Amino acid sequence: MNLIPFNKPFLVGSELENIRQAHANWHLSGDGPFTQKCHQWLEKSIGSRKALLTHSCTAALEMSALLLDLKPGDEVIMPSYTFVSTANAFALRGAVPVFVDVRPDTLNLDENKVEAAITPKTKAIAVVHYAGVSCEMDRFLEIARRHRLWLVEDAAQGIGSSYKGKALGNLGSLGALSFHETKNIISGEGGVLLVNDEAFEERAEIIREKGTNRIKFRKGMVDKYTWVDLGSSYLPSELIAAFLWAQLENFDAIMKKRMDLWLAYHQAFEDAERKGFLRRPIIPRDCRHNAHMYYLLLPQAERRAAFLAALNEGGVNAVFHYVPLHSSPAGQKYGKAQGSLEVTTEMSARIVRLPLWIGLEGQQATVIEKVLSELKRG
Ligand SMILES: *Cc1c(COP(=O)(O)O)cnc(C)c1O
């Protein structure tokens, strides 16, 4: 039987032609014309002072940790319900991830539980906009201001989403997006660091260019090119930027197709939710999301393994994710948990993610039918 895959990368069609052009331009390393186009597009659409392409969202988060000058023992508050990179990027600097519980509605970091985790060592809060649905940012901005903490957005899943009309990635001092092939806009691997605070602008360019002042040198602002700070090679090649540019040029069409799929799921499961068979995603009024993900919450965690097995046997590759970081081996070694994290533990055990990719249209009805029949059987 043909399995309906969980994800399938969408190609707009002009990626290879762009790569051919980059090749013809004789500019293959980073920061060529395609990178410039991507930077301008992202700065304009998101509103950041500076967008800097990176080879992944993970890299952009690592750059954030360097920019914040985190030292061993500094603490960074974040959800436990997230991808490993949120924590790893800070742990690499010797900082301690402090895991706080999430809200049951959005599965985002709970703004009401964060302050209890703040200590004199706390330097930053790293929020994650799960499924491209914004955290309660006004509260986080207020808490960060009052306690003099940096606010970093892991907006890996959030391109095109907004909170009170403001693009995700532009709300904290620093934001990070991902262009991994599982996200909405892709370049295979890829990401961008969004710099929203003037204080970080110059150093971000240096850190990304191996800790050198190469960018100033190229602009004729200094007469020698040398090592001036810590850094690494965080910029992607032009071949990647060329690919990404093709996707950005088709941004609206991609978003529309994903939203149609998301809405079809949402409508199809409305009745089952009313009958108590599942819970659908909840989108707060202040949030506009980007149809990054469709998930369901089963009424009982105990049923999930059998439910997923039945779907997969029925030809639908549904999955779950996020072993809560506070319960992972590295999370226990490098991080610490604040409180019982009961919502995190419960939701991560109840969640089921459904296929959502452009091209699924013809098979989406099959996915819906299998889900509903399996729920009713249980
Ligand atoms: C995908 C993802 C990342 C990592 O992105 P990469 O580009 O693969 O490094 C980080 N955080 C979250 C929440 C993600 O979903």
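## Basis of the values

The model is predicted: local features need pLDDT of at least 70, side-chain atom pairs count only at pLDDT 80 or more, and totals for chains, interfaces and linings use all residues. Residues are numbered from 1 along each chain as its sequence is written, and side-chain values use heavy atoms, with hydrogens and water left out.

## Overall dimensions

The protein has 14 helices and 13 strands; helices (H or I, at least four residues) and strands (E, at least two) are DSSP runs, numbered from the N terminus. Its C-alpha atoms fill a box of roughly 75 × 55 × 35 Å along the principal axes. The radius of gyration is 21 Å, in agreement with the value near 21 Å for a compact globule of 378 residues. This radius is taken over C-alpha atoms, and the globule rule is 2.2 Å times the number of residues to the power 0.38.

Of the 378 residues, 55% count as buried. Buried means under 20% relative accessible area, exposed over 50%, and partly exposed in between (1.4 Å probe, protein chains only). Among contacts (heavy atoms within 4.5 Å) between residues at least 6 apart in sequence, 70% join residues at least 24 apart.

## Domains

Domain 1 covers 15-249 and domain 2 covers 251-377; such bounds come from an automatic or database domain assignment. The domain centres, taken over C-alpha atoms, are separated by 26 Å. Across the boundary, 45 residues of domain 1 are in contact with 35 residues of domain 2.

## Nonpolar cores

A nonpolar core is a set of buried Ala, Val, Leu, Ile, Met, Phe, Trp, Tyr and Cys residues joined through side-chain atoms within 4.5 Å. The largest has 45 residues, and L42, I125, F140, I159 and I185 have the most contacts inside it. Elements giving two or more residues to this core include α2 (33-46), β4 (122-128), α5 (137-147) and α9 (251-268). Helix α8 gives the most, with five residues. Both domain 1 and domain 2 give residues to this core, so the core lies between them.

Beyond its neighbours within four places in sequence, F140 is in contact with L109, D110, E111, V114, I125, V127, C135 and L151. Another core, apart from the largest one, has 32 residues, among them C57, F90, L193 and L341.

## A three-stranded sheet

An open sheet has the strand order β7-β6-β10, with antiparallel pairing. Strands β7 (166-167) and β10 (287-288) are at the edges with a single partner strand each, so one side of each has no neighbour in the sheet. Two strands pair if DSSP finds at least two bridges between them. Two bridges join β6 (residues 162-163) to β10, and Y163 has C287 in β10 as its bridge partner.

N18 is in helix α1 (residues 15-24) and is buried, with a relative accessible area of 8%. Leaving aside neighbours within four places in sequence, N18 is in contact with F34, A242, W245 and A246. A polar atom of the N18 side chain lies 3.0 Å from the backbone oxygen of A242.

R49 is in the loop between α2 and β1 and is partly exposed, at 42% relative accessible area. The side chains of R49 and E201 make a polar contact (2.6 Å). A polar contact is a pair of N or O atoms within 3.5 Å; within protein, one must be able to donate a hydrogen and the other to accept it, and residues adjacent in sequence count only if both atoms are side-chain atoms.
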